[in-house]
Every structure is written in C-alpha cells, then in structure tokens.
Amino acid sequence: MALPAPLDILRNTFGYEAFRPHQAEIVDAALTGRDVLAVMPTSAGKSICYQVPALALTARTGGITLVVSPLISLMADQVGALRQAGVAASFLNSTLGVRERADVLYGIASGALSLVYVAPERLDDPAFVETAAARGVALLAVDEAHCISQWGNDFRPSYQRIIEFLEALPARPPVMALTATATRAVRKDIVSALGLRDPFTVIASFDRPNLSFAVSRPRGGAEKDRMLVGFVRERAERSGIVYCSSRRSVEEVCELLRNEGLPATRYHAGLPAEERRRNQEDFLFDRSRVMVATNAFGMGIDKSNVSYVVHYNLPLSLENYYQEAGRAGRDGTKADCLLLYSPGDVHTAEFLLSRSEPREGLTAEQRELLAERDSERLRQMVFYATTTECLRAHILRYFGEEAPAYCGNCGNCLTDFEEVDATTDSLKVVSCVARIAQRGRAVGASMIVDVLRGSRGEKVLRRGFDRLSTYGIMADVPAARVRAILDELVFLGVLARTGGDYPTITLTPASGAFLRREAPWDGAFTLKVAKGAPHRGRVPAPPAKTRAATDVSELDAAGQELYARLSELRGNLAHEQNVPSYFIFSNATLVDMCAKRPKTSDELLAVSGVGAKKAERYGDLFLSALNG
Ligand code: ADP
Ligand code: ZN
C-alpha cells in the first residue's frame, strides 16, 4: 500500500491546497527523523507542522505523535477541530476523569489514536509513560516551547519534565519545538533546555500582512471611551476583543459597551469559573460579538474570525501586545489592531509591573536583572505608542527583522507619511559607513547616526570619529530621519546589518554601485517617511477592499447574499453539534466558497479549508445551499 505523501495529507485531510511558507520543510525534516526548532508568529500555521507528520508517521511506523501543550482549553479546541477533519486525536490533562483517561490510554495502546495532546504535568504519570513507550513515540512536539526558558515571559517549571520523559523512553523520538517568541536568548535556551540535537531551524517572518495597526491618542478617559464605542459600532457585525489591564477596567468597559447597545461580554480571573466558561462560549459561538477581557483571556482561544483587537490600556511589552493583537485575523482575512493610548497609561503600567508576582527560585541579582528587563520592555512599548514612524516596521525591527520604512497599511503610514527625495542624504549615509569601514571599524546604526549628526558624545570623540569627513554633515536632519534612511538602505541591501547581540552596519557588494550612482541606483532615492509632527491618531476605518477576496466585504452583492445563506447553514450545523461555527468552516472558507461557487463535490474540494472528511460530511448541504 502506498504511504500518504505530506501534500496529500494536507489536501485530503485538512483541505488546504498548498503548504504555507516553511511548513513543507519542517514536515520533511520531522519525517526524516530530525529535531526541529520552529519560531513562527501566531497564525503562521504551526499546528500543521506536527499534525501532518503525525498522520504520515502513524501510517508508516505505527508510532504515535505526542504534543506537549500548556494550554488545557487549547487542547480541547484543537482536538475538536481535528476530529471534524477526521483525525484520530485526543488529549490527556487534569480535566479528564478516571474513565476518560483510561480510554485515551487504551486509544494509544491499541493504535487507534494518531495524535495526543498532553499537559506537561501528565508526563510523569507512570501508566502514560509505559503505554507511550510500548506503542512507540514517533514524534514529540513541544508547543509554546518558550515556556521552558527562564528568560521567556512565560516560564513553566513543569516543562522541565519533558527531558525526563524523553529519557524514560526506550528510543528517543525526533523532537519538534514550536514557539512564537522570537528573542535570541529564548531561542538559545529552548535548544539547550530541551536538548535538541542539531535541530533544523526555521525563523519565520513575524509580519502579518493582513493585520492593520493603529494607535490613537485620546486626551482623556471620555475621549477614549468615545473612540472605543465608535470603533466597535462600526464593526458591530464582526467579532473583536477589547483588552483592559485590570478587572475593574474590564467591568467598566463592558458596561460602557452594553449601555451603548453593543453585544459585549467579559472575562477576567475574578469571575466565577462558571461565568468565565459561559462568557467565553458566548464569544466563541458568536452570541456575544465583543469580548472585553484582561490578558487572562486568549491564550487558549483559537477563534479564527476575530476581526479586531483593541487595547484599551497600555500592554506591558511589545511581546504581549503583538501576541494579543495577533489573535485578530487568524483566518487570514483583514483585521484591525488598535491601541488606545493616553499618556497617563504609563503610570498604570508601571504600577502593574511593580506589583507583578515575585519569581521564585531566583537570586536577588537575577530578580533585579529581570526587573530591569521589564522596565526596558515597557519603555519600548511606550516608543511604539508614541512613534510617528511606520508601526509595522517598528514591531518587526523590535523582533530583530529588517523591514521597509513604509508599509502603507498602518495608522501612521496612512495619515502621517510624506514622500521625500533623500538622494543626497542617502549618499551621505553610505559614505559615512564607508569611511568608518576604511578605518577598520564596525559600528552600530545609532553610532552612524551620531557621527552624521555631529554628536559630541564621549564614544564618538574617543574613537576620533569627529575627524571623519562625514562627521556632522547631516547635523540639520532629525535623527529619526537619518535612521529611517539607514534602515531603508539596509532593507534594500545597499548596506547590511550583521547578526549577533551587537549588530553592526557594514557595506555590501551593492554599496559601491550605489555611491557611484550606477544602475539600478541611478535614479532618485525617494523614501516615505514620517512627517514627524506628533499627532493624536485617527480611529481607523474598517478594512477596505483589496484584490483577493478574503473578506465578505469584498464579495459582490450576490456573493454577500450567498455568504449570509452559508453562514446561516453553518450556524445551524454548529448549533446541532454544539461546537463553535468555525469548527465547521472558517469565514475565509465561506468567502472562498462564495467566490468560487463550486457546483460539484470535486469543485468543492478545491475550496480552501475543505478536506475530504468535511466534504463528505457537509458537502451536499453546502452545495445545495450554493446552487439552490
Ligand atoms: P499557529 O499555531 O501558528 O498560531 P495555527 O496552526 O493555529 O497557527 O494556524 C492558523 C490558521 O491557519 C488555522 O486556521 C489553520 O487551519 C490555518 N492554516 C494552517 N496551515 C494552512 C495552510 N497550509 N493553508 C491554509 N490554511 C492553513
Ligand atoms: Zn506602516
């Protein structure tokens, strides 16, 4: 019998036409028995990276794939979605009773299950270890792998059990570590703490092109509330999350929205478990469109049709912000991420930091170091809230990625940018790098900016950079502008930035041609830059149209009518089975259906997100709704 190829599994079981960037390489590495470290942003599609191998490996070796995950609610969610696609999956965590647990162990032992999610706390259960060892573990995937790092922002001591578990197995399976936390220190830690062996490493771009970022700067509480209400009202038909920094603020904001007739519900750790569960379900099932919550909400919520995330208060770090904002648009459709920022918010944030839980098992020195890191992270968050530069570029650079100075799809780019001719200035920047290189020096970007602007700083003078011919030749250009030009040059490859903890700026093979203004550098060097005037920001309008139809708003009138019909059918099916509607099909899948309008079940299979199992289960119903 021919064994299923990964691409066939992706198409037949998951209904996706092609692998997304990096997925195919990761799957192949796992199938050849190699360890993997995958750093990919939220929504990049990390789950497919172990789900496809799980099915291939069960078919090939009979072994099971285990997925360690810290998030109990995520497990139920993912297993539910996998079962819809016909995958034999289950989970083991503290929510199971004795009987259920025995069922799962039997499923592992008998070979019935292909993939099991396990909470780290369960890993040292002797019955589990014995059963898994007897069946044979084909792959161990560690989700949220940054939890093993003491330097990450979510350290979980229970993750240390993974190593012991691996050691208890008669044969060590390949280990796949997955995380959306990008910093270098955490990455290094994951490799050593999990004992990864020469891992195939993927560090994906953190850009989420379908997310549009914006910051609005209300003068005070009343204006902030008005902005929020206006923003939510414009999106009354869509689901969104409003994050607040305290329980009290959740209560107030939820009340505010409800008083305005907006269907809001709330979530924070102070509510009884029963209410939390109910509210979360109301949101998942689209009964309440708006979730007002503290950051306690969302870790486990795999809702793919969240179309906006508003931060009513300042998050404590860009890591937090990007993770929370990233819960929008997971189905790839366009979504908005708005930060409402009033200057007073910094004090609240500082207060929250000062009150954060003491970290156990650390020396006083380590604790102080962590506290310093925390305030540095907050400072970076404030930079984001106040910058007039491209917000996307700001985020990507924070995560160590090169990015163009202008994305055209963020609040700042859309309101505060102008195109300038920087031909002369760009030549000055490159010459300055060349002069410093001639002296056999390599320095970072901020030093180059300092030299060009004629800084009298101690480091500049000590190295004698004030004697360079390029010293002070851009004294009249604001530092941010010089920096923007430099970043753009790096992005275009005219200059390069080295890796490492102290990146320096170097010349590239293109630098010479650029200085001589040879093709392709013979034209004007224009640049979209921030106007520089501080502004209060505008509340962005809902997403506008683009080429590929990924959002219902992009369908023509007939398409939208069709969408409404399909959406109703989906709602009924979801209701019957008591599952969230996106378990049946995501919004993106419905939009694609309305765009492609399949007539036969083969055509239906060409719709993104329709796999064999779902086609079999729901195909006839949707085809007749489409063609009826
Ligand atoms: P992550 O774990 O990286 O945050 P997920 O694994 O939850 O992301 O994937 C995000 C969404 O993208 C899910 O709805 C998933 O089904 C979808 N997805 C993943 N891979 C593909 C693919 N190759 N083609 C289309 N959609 C995909
Ligand atoms: Zn931008």
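**Start at the ligand**

Select helix α3, residues 46–61: with three residues, this helix gives the largest share of the shell around ligand 1. (Helices are DSSP runs of H or I, at least four residues long, and are numbered from the N terminus.)

Before going on, some ground rules. This is a predicted model, where local features need pLDDT of at least 70, side-chain atom pairs count only at pLDDT 80 or more, and totals for chains, interfaces and linings use all residues. Residues are numbered from 1 along each chain as its sequence is written, chains are lettered from A and ligands numbered from 1 in the order in which they are written, and side-chain values use heavy atoms, leaving out hydrogens and water.

Now show the 14 residues around ligand 1 (each with a heavy atom within 4 Å of it); Tyr16, Gln23, Ser43, Lys46 and Ser47 come nearest. The shell splits into six nonpolar, five polar (Gly counts here) and three charged residues.

Next, zoom in on the polar contacts, pairs of N or O atoms within 3.5 Å:

- Tyr16: a polar side-chain atom sits 2.6 Å from an oxygen atom of ligand 1.
- Gln23: a side-chain N or O atom is 2.9 Å from a nitrogen atom of ligand 1.
- Gly45: a polar backbone atom lies 3.0 Å from an oxygen atom of ligand 1.

On its own, ligand 1 has 570 Å² of accessible area (Shrake-Rupley method, 1.4 Å probe), and the protein covers 82% of that.

**Finish with confidence**

Colour by pLDDT, the predictor's confidence in each residue from 0 to 100. The chain's mean is 88, and 93% of its residues reach 70 or more. Then select residues 533–537, where pLDDT stays under 50.

Technical notes. Polar contact = N/O pair within 3.5 Å; in protein donor to acceptor, adjacent residues only side chain to side chain. Helix = DSSP H or I, 4+ residues; strand = E, 2+ residues; numbered from the N terminus. Contact = heavy atoms within 4.5 Å.
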